[in-house]
Structure formats: structure tokens, C-alpha cells
Amino acid sequence: MQTVRYKFKTEPFLFHTFNYLFMLFVVVVTLYPFLNTLAISFNSGIDTTRGGIYVWPREWTLKNYVAVFQSGKVFDAFWVSVARTVIGTVVSVFLTAMLAYTISRKEFIFRKPVTLIFVLTMYFSAGLIPSYFLIKDLNLLNTFLVYILFPGAGAGLISAFNMLVVRTYIRSLPESLVESAKIDGASDFKVFISIILPLCTPVLATIALFTAVGQWNSWFDTFIFASSRQELSTLQYELMKLLSSTVNSNANPSLSSTAAKDTATMITPLSIRAAITIVASVPILFVYPFLQRHFVSGLQLGGVKE
Amino acid sequence: MTRQTVPKMNIAPQPARRTESFWSRVIRQRQLIFMSFPMLLYVLVFAYAPIWGWLMAFQSYKPGFSITNQTWVGLDQFRFLFLDEGFTRVLRNTIAMSLISLILGFVTAIGLALLMNEIKKTGIKRLIQTISYLPHFLSWVIVTGLVSMALSTEGGIINDVLMKLHIIKEPILWLGEGKYFWGIVGMTNVWKEVGWNTIIYLAAIASVDPSLYEAAEVDGAGRFRKIWNVTLPGIRPVIVILLIMNVGWILNGGGFDIQYFLGNGQVLDWSETIDIFVLKYGLRIGNYSLGVAAGIFKTVVSIVLLYCANTIAKRLGEERLI
């Protein structure tokens, strides 16, 4: 039927064939490293060293994961990562939304200077060393608070980009909502809490995702500010230590060396590393597809300039 | 926006608003002020207050004494920095890796967006997009781990494939030779961010006026002509804005984490960037003043570049950032 209705044309056929093949290539290149790691994490460590593991385990085992979670270090680090992600995200999203509400109000007398103060932070930073001294002077070295407060890449309490995204979203809401509530005597804070905040759910989900990803993936602040307290170590930092120890092959006194010796349990540094990589990435990979619609439109909002 | 201003112009001016003094407005808006206060305080303390530390760059800073109680050396730190052969090399690496990442990133993201846009089956398109965003959500620790595994000489997939295709005879030690390093940084950035970067271009493509395509079709334009003559000019404002934003990041060297994790002794001459230089001098060697000077240099150049790009865009009548 179709060939009767539409005349077969060579150009679209060739183009789409090529295009789908290319997309297949993109998908394979994107997924392969991850699937390979997943397979290694479920494969017996000793068996993996024989090579030839691609995207499917040969000798299934859960021992790598058991070893990872039996090591108190990784287990504790996992919960520190969870804590910093949850606390950091909740505090940041609430305060960012509140700030975005104030600069969305046209009548706010400090709207322009406040906006400028935040936007400028997108393009300059005082630098690592002055920031280090500040954190030190505030007695925040080796505290959990530094994870919430240090304005590093991706992490930190506020990102000007997120602020602009929420601001633009609030402005797209009908002004009459705020006006009528104010006529009824509601204060700005009341308007924000009971009207704006509930309406902003989609955009707040977006910036919550961005903030949570930044917090969860952060390793640098642990490395610089909290590396001398093991109980503050995060999952990414544990992974980083493990990676640098296996790469430089100078034995890490903890996991990799015990693992290297442990032929009985069939665990190797590589298989441990694969298992931690999966543990460290899966939480976010389970969340982002469900928020796709929101963050796609959120990114577009952020592109709108003042 | 216009909702409020239009009636104001037609109806008699509202004297209460007009003559209201600054302080009475402050008092009336105290709630808005209080609401912006927590974040304002935060950003002033954590982003602006450390600028005080820039004074260290004009001193020979010794730990243990307060910043006001140090020897002043004027511009000596900067002079030392620019005469230092090491720093010149660091600067070269930074700019080279930035430019490679910038150009590769733009070309691949725009190209992928154009090709994705040609997929008409929404379900498949959505699936491909979702998959393409995946690497963006992985941390740099993980990504560099995956990259070093893929490039490994013992069963790394890249060497495996190249050998099976008979392009190379022996595994290449990708991370052990300086000449490959910049390319690896560029490709790693592409792998991580290309899908994510298509989001903004796909949105821009979707907002191109469909009647332009119809007109082009009437004129007999084929698929590629339409892309070249309609789509690309249509998304030009977005491309320009993103270019301006990225110019401001040129001294970031295409990211800090990649060089930090993938760089090693063998490729040091090619992998060291300003950020790593600052880390090394500042926190490892303890020459804080030199580290701060390099940091100041980076910030100042970034802002100047951003300003220039913005001005040029303005002159050319393009969309601009500020």
C-alpha cells in the first residue's frame, strides 16, 4: 500500500538509512563504556582479568557489590553523599526560589543590583586559594557544612543560572495571581509560600535535579576541605582515591590491596572499581529520564536574557 | 509587563507612588528585602569576600601572619609568572584545550541536533535523546575512569577496535604520549556533553518559522539546502549567544577534572592548565602568592574576553549576553 501511495524516492531512503545508522553509532558509543562497567561489576573479578567481557557478564556474581558495601568506608561515604545531596538540594532550592521571587517583582527597589550581584558570579571567582583561606578562617575546614556552603563548580548554595531559570518561570505566571492575593492582604512571603511555590513545581524539579547532580558528583570539596576526616568522605571521593591508586598502582591501603590479595573471593581492584562506579552513578540515572520534559524546558528558560 | 504600565499612562499619575521616598519604599518592601537577604549574605561572604585575598598576589605571603602584616612586592609575582617558561606552557595548554573543546563541542552538538531533527518518529527521537543525555549526569571521576579504561592498552575497547580493523598493529599508549592528550580532552568533552548541548539547539530549531521551509521547498530546495539556508541562519542568534558565553571560559582549559585525572607525569608538558598550576603552587607547594596571581590573571582575562565578545556581537547587530 505504502509504496503505491508514496513514490519511492532514493534520496530520503538513503538519508534516513544513513541517519539511523549514525544514531545507532551514537547510542552505542554513549552506552558502551557504561554497559561494559556494569557487566564487569557483575562478573567474577578473576574471570574479568582473562579479558573478553563486553556488555554481558560471563561468570555472574554479586561478590563485588557485597565487598563494596561490607567495606565500612564505602558504606559510610554513600550515606554522606546522600545526606549532602538531600540537605544541599532542599536548602538551595528553597532559598533560590525565594530569591528568584524577589527579583521577579518589578516593584522591588533593589531588583537590579541584586540580580547583577548574582549574575556576575557566573563569570568570575576569587579563585581557589582565597576561597580556601576564607573557609579556613570561618572554621569550616573538615566540617559537613563546607559541602553545603562552598561555591564550587556545580555545587554550592546558589547558581545564578538556576536563579534566572526560576525567575523567568515566575514571570511567565499570570501577574493577577499575585495582585489579587495582595489585595486580600497577603504579604510577599505568604504569596511566595502559598501561591508561587506550588505553581513552580516543574521548574523547581529541574533546578533540584541540577543541584542534586552537582552535589552528588562533587569530589573536589572533599579533596580540598575535608580529606583529613574519613567520616566526611563521599562516594565520589572514595572512587577517586581508588581510581588514582589503581592507575598509579601504588597500593591503596584499604580496598584495592585487600582486594588484590583476595583471590579466594575472586575480587580484583578493577571489579571493585566497576561496582563503585555503578553505585555512584545509578541513583541519578534512575531519576533523570523522568524529569526530562522539565529540564529540557528549564534549559530553554535559562537562555532568556534579562 | 505591559499589563501594569499601560493603565498608568492613561489614568492620572498616582501621586502616592511617585512621591514615595526611598526609605518608605524600603520599609514597605521589607519582606522582599528579608527574602533576598539569606542568599545575598551568602554570596557576599562566599563569592565576594574572598576577593580580599587578591592582595596576596602583590605580597610575598608567609603563612602564620595576617594579610595586612606581609611584605609587599608590587607586581613581582606577575613578572615572575610571565617570565616563567613553565607558565607560558601552561597558558598554551589551557588555550589549546579550550579551543579544541570549544570548536569540537560546537560542531558536534549542532551537527547532532540537525540530524536528530530529521528523525520524524517521536518515540525513537525521544529515546535517542534520553540516552544521549546520560553521560552528562555522570561525574568527572566516573567519566575519566571510563575513558582511561576505554583507552587502556590491556583490553581497552579503542585499541581493540582499531586492531580488529587493522588500522593499528599494536595497542597505543594513548594516555602516555603528550601528542594525543589535547585530542583526548576534546573527545572526552564531546562524549560527555554533546547530547546535553543538543537540547538548546533542538529548541532553537523547533522555533524556526515553518513557512520558511515551505517557501524553500517551493523554490526547489533539497534537504541540505534547507538546513544550510533556513535552519542554520534561524539558529544563529543562539549559536552567537553560546559562543559569547563560552569565550568567557577560555582560560578554563576545557575543564579542570579531565586534566587532573587523566594527566600524568609522562604528559605533564601537555596537560597542565592554569587551574592545575594554581592548585600545585597554591596548596601543594605553598607559594600562595604566585597561585593567587595566576588566578587573578585568569579571572581578569575571562572578563575582558567576555566583554570584548559581547561588544563585537553588539557591533555586528547580533544577539548579546549583557
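Predicted model: local features only at pLDDT ≥ 70, side-chain atom pairs only at ≥ 80, totals over all residues.

Q: OK. What does the secondary structure of chain A come to?
A: Chain A has 17 helices and zero strands.

Q: And how much of chain A counts as buried?
A: 43% of its 306 residues.

Q: Now the two chains together. How many residues of chain A are in contact with chain B?
A: 69 residues on the chain A side, and they meet 63 residues of chain B.

Q: Which element gives the largest share of the chain A side?
A: That's helix H2 of chain A, residues 10-41, with 12 residues.

Q: What's the make-up of that side by class?
A: On chain A, the side touching chain B has 47 nonpolar residues, 17 polar ones and five charged ones.

Q: Which residues of H9(A) are buried?
A: Asn162(A), Met163(A), Leu164(A), Val165(A), Val166(A), Arg167(A), Thr168(A), Tyr169(A) and Ile170(A).

Q: Over to chain B. What does H13 look like there?
A: H13(B) is residues 236-247, 12 residues in total. From first C-alpha to last it reaches 16 Å, close to the 16 Å expected at 1.5 Å a residue.

Q: Which of its residues are buried, and what do they pack against?
A: The buried ones are Ile241(B), Leu242(B), Ile244(B) and Val247(B). The buried residues of H13(B) pack against H10 and H17 of chain B.

Q: You mentioned H10. How does H10(B) sit against H6(B)?
A: H6(B), residues 85-117, and H10(B), residues 178-206, pack at an angle of about 40 degrees, and their axes are 6 Å apart. The two helices are therefore oblique to each other.

Q: Left-handed or right-handed crossing for H6(B) and H10(B)?
A: Right-handed. By class, the contact of H6(B) with H10(B) has 16 nonpolar, eight polar and one charged residues.

Q: And H17(B), how does it pack with H16(B)?
A: H16(B), residues 274-285, packs with H17(B) at an angle of about 160 degrees, with 7 Å between the axes. That makes H16(B) roughly antiparallel to H17(B), and the crossing is left-handed.

Q: Which residues meet there?
A: From H16(B), Ile274(B), Phe277(B), Val278(B), Tyr281(B) and Gly282(B). They meet Tyr288(B), Leu290(B), Gly291(B), Ala294(B), Gly295(B) and Lys298(B) in H17(B). The residues of that contact divide into seven nonpolar, three polar and one charged.

Q: Let's do some single residues. Where's Tyr132(A), and is it buried or exposed?
A: Tyr132(A) is in helix H7 of chain A, residues 128-137. Tyr132(A) counts as buried because it has 20 C-beta neighbours inside 10 Å, and 20 or more is what buried takes.

Q: What does Tyr132(A) touch?
A: Leaving out residues up to four places away in sequence, Tyr132(A) touches Ile224(A) and Leu283(B). Ile224(A) is 92 residues from Tyr132(A) in sequence, but their C-alpha atoms are 8.2 Å apart.

Q: And Phe290(A), where does that one sit?
A: Phe290(A) is in the loop between H16 and H17 of chain A. With 10 C-beta neighbours inside 10 Å, Phe290(A) counts as exposed.

Q: What about Asn142(A)?
A: Asn142(A) isn't a glycine either, and its phi is positive at about 55 degrees.

Q: Where are those two?
A: Asn139(A) lies in the loop between H7 and H8 of chain A, and Asn142(A) is in the loop between H7 and H8 too. Asn139(A) counts as exposed, with 9 C-beta neighbours inside 10 Å, while Asn142(A) is partly exposed, with 14 other C-beta atoms within 10 Å.

How values were computed
Residues numbered from 1 in each chain as written. Chains lettered and ligands numbered in written order. Contact = placed C-beta atoms within 7 Å. Helix = DSSP H or I, 4+ residues; strand = E, 2+ residues; numbered from the N terminus. Nonpolar A, V, L, I, M, F, W, Y, C, P; charged D, E, K, R; others polar. Buried ≥ 20, exposed ≤ 12 C-beta atoms within 10 Å, placed from the backbone. Axes fitted to C-alpha atoms, helices over the stretch in contact; angles between N-to-C directions. Parallel < 35°, antiparallel > 145°, perpendicular 65-115°, else oblique. Left-handed = near helix turned anticlockwise from the far one by under 90°. Expected span 1.5 Å × (residues − 1).
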